[in-house]
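Here is a short note to read beside the model. The points run from the annotated regions to the whole chain and then to two single residues.

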Amino acid sequence: MADDNFDVVIIGGGPGGYNAAVRAGQLGLKTAIVESRGVLGGTCLNVGCMPSKALLHASELFEAAGHEFSTIGIDVPAPKLNLVQMMKAKQDSVTALTKGVEFLMKKNKVTYYAGFGKIAGPGKVVVAGNDGSTSNLTTKNIVIATGSEPTPLPGVDVDQKQIVDSTGALSLSAVPKSLVVVGAGIIGLELGSVWRRLGAQVTVVEFLDRITPGMDTETATAFQKTLTKQGFTFKLGTKVTSAKTGVKGVELTLEPAAGGAQEKLSADVVLVAIGRRPFTKGLGLESVGVTPDQRGFIPTNHFKTAAPGVWAIGDVILGPMLAHKAEEDAVACIELIAGKAGHVDYNLVPSVVYTSPEVAWVGQTEEQVKASGVAYKTGKFPFMANSRAKINHETEGFVKFIADAKTDKVLGVHMMGPQVGEMIGEACVLMAFGGASEDLARTCHPHPTRSEAVRQAAMGVENWTMQM
Ligand SMILES: Cc1cc2nc3c(=O)[nH]c(=O)nc-3n(C[C@H](O)[C@H](O)[C@H](O)COP(=O)(O)OP(=O)(O)OC[C@H]3O[C@@H](n4cnc5c(N)ncnc54)[C@H](O)[C@@H]3O)c2cc1C
């Protein structure tokens, strides 16, 4: 049994936890991080952002080699899938990244406890080590960064073979002939894209009458059209009520969301991707008088929970369940602990869908601006008219700016197109400084780049788009 005393003990080693640990180390706080999964990096590095992007990248190249290379004069034999190698390459990259996080802990003098952390009263955390040991930690501050887990769907039991959640869908041992994705959110569409590119027939069943809730509706409509062209089938306004597994696959029972006649849908594999819920099981919240809300989130005010000295960040508190949001929370929370002025502007947390084309946005959707009653103008520019996108045969999509009609302050930027996830950052910086569309429209952009489409769209707010 080991005892130790800290300024900050962080429970959870995901993007919230490990970034909090780095910042705490930088600010000279004596810091410990507790993680139960045996490796650092949390959902994001192990079973989330990074493995999904590894498979998206590999499957995009596989599809390009099979369908697009010949159009630009590269004749290759029909590519053969080596799924075992693809999975190994994914895992090797993940391992390199998680080792990198371990290095960051050492570099910032953070003590890493591999085990399950339980709060045992004010300033007390007990770690049940993965090696069977017990450590009693005392600390001035506890930061809860225990993240989230997939939300289960009643009537559809995940067995990680025929019925999988996102974790299972990152490690299928064979390409299913047919895949039903339940939920048309970002995770479902990204993983659906991976398996469609590798050869599966993909049907997406969604309760709502639209895909990707939270995305600007004009953009979501265009995105759905693009995915349909790629081979996705959508069943919107439909709920899954039960699933039966058998030797021939899975039989789902579907029902119109508004009620009506049932129908059956069969698939080799079903991916349940209806969202994620906060994870606080076994954390000992009751020992400090913290009660999660009805949906399981820990209520906070500037990351402070109801218990003095207990803070919470990342997916376990309200806000977008995204790695970079967890990172923002982490920095702000630790800076507050250190007596500085930590702050996060949740209106400026960008979202990206890493499909092909990608979709990226920041700020308000057009519907939100309309509902707020603010008079606004829009500027839009299609990638079809962008020279770099045209020569690269990547002309699908557009950039849309929404700006206040009186002040020209940018309220939202929405993009669908080639690698727009890399371009949304300039809109974030513009908006973080309260910029106007004219600020961007009058900023020189390099030619030929896709980023010129961003500038042209900004010019469109004042009707002086030049390249269309
Ligand atoms: C398939 C998929 C793809 C995604 N893609 C993206 C993306 O492209 N971009 C993006 O921004 N986000 C993405 N996300 C979301 C992102 O992974 C999460 O928002 C992010 O990981 C949240 O970080 P966190 O630190 O709050 O929690 P987590 O990353 O969930 O980390 C929490 C950690 O705490 C540990 N833990 C829990 N309880 C205890 C305990 N009591 N003791 C010790 N350890 C404990 C868990 O084991 C876990 O490792 C994706 C998620 C999934 C599932």
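Which residues does the UniProt annotation "domain: FAD/NAD(P)-binding" cover?

1. According to the unreviewed UniProt entry, that annotation covers residues 6-330. UniProt positions follow the numbering used here, feature names are shortened, and annotations may be inferred rather than shown by experiment. Over residues 6-330 the chain is 31% helix and 27% strand, with 18 Å between the end C-alpha atoms.

2. This is a predicted model, in which local features need pLDDT of at least 70 and side-chain atom pairs count only at pLDDT 80 or more, while totals for chains, interfaces and linings use all residues. Residues are numbered from 1 along each chain as its sequence is written, and side-chain values use heavy atoms, leaving out hydrogens and water.

3. The C-alpha trace spans about 65 × 60 × 50 Å along its principal axes.

4. Of the 468 residues, 50% are buried (under 20% relative accessible area; exposed is over 50%, partly exposed in between, with a 1.4 Å probe and protein chains only). Among contacts (heavy atoms within 4.5 Å) with a separation of 6 or more, 62% join residues 24 or more positions apart.

5. I142 sits in strand β5 (residues 134-144). It counts as buried because its relative accessibility is 1%. Leaving aside neighbours within four places in sequence, the contacts of I142 include V9, I11, I119, G309 and W311. K124 is also in contact with I142; the C-alpha atoms of these two, 18 residues apart along the chain, are separated by 8.2 Å.

6. H343 is in the loop between α8 (323-337) and β17 (351-353). With 63% relative accessibility, H343 counts as exposed. Its C-alpha atom is 8.5 Å from that of V331, twelve residues away along the chain.

Note on methods
Helices (H or I, at least four residues) and strands (E, at least two) are DSSP runs, numbered from the N terminus.
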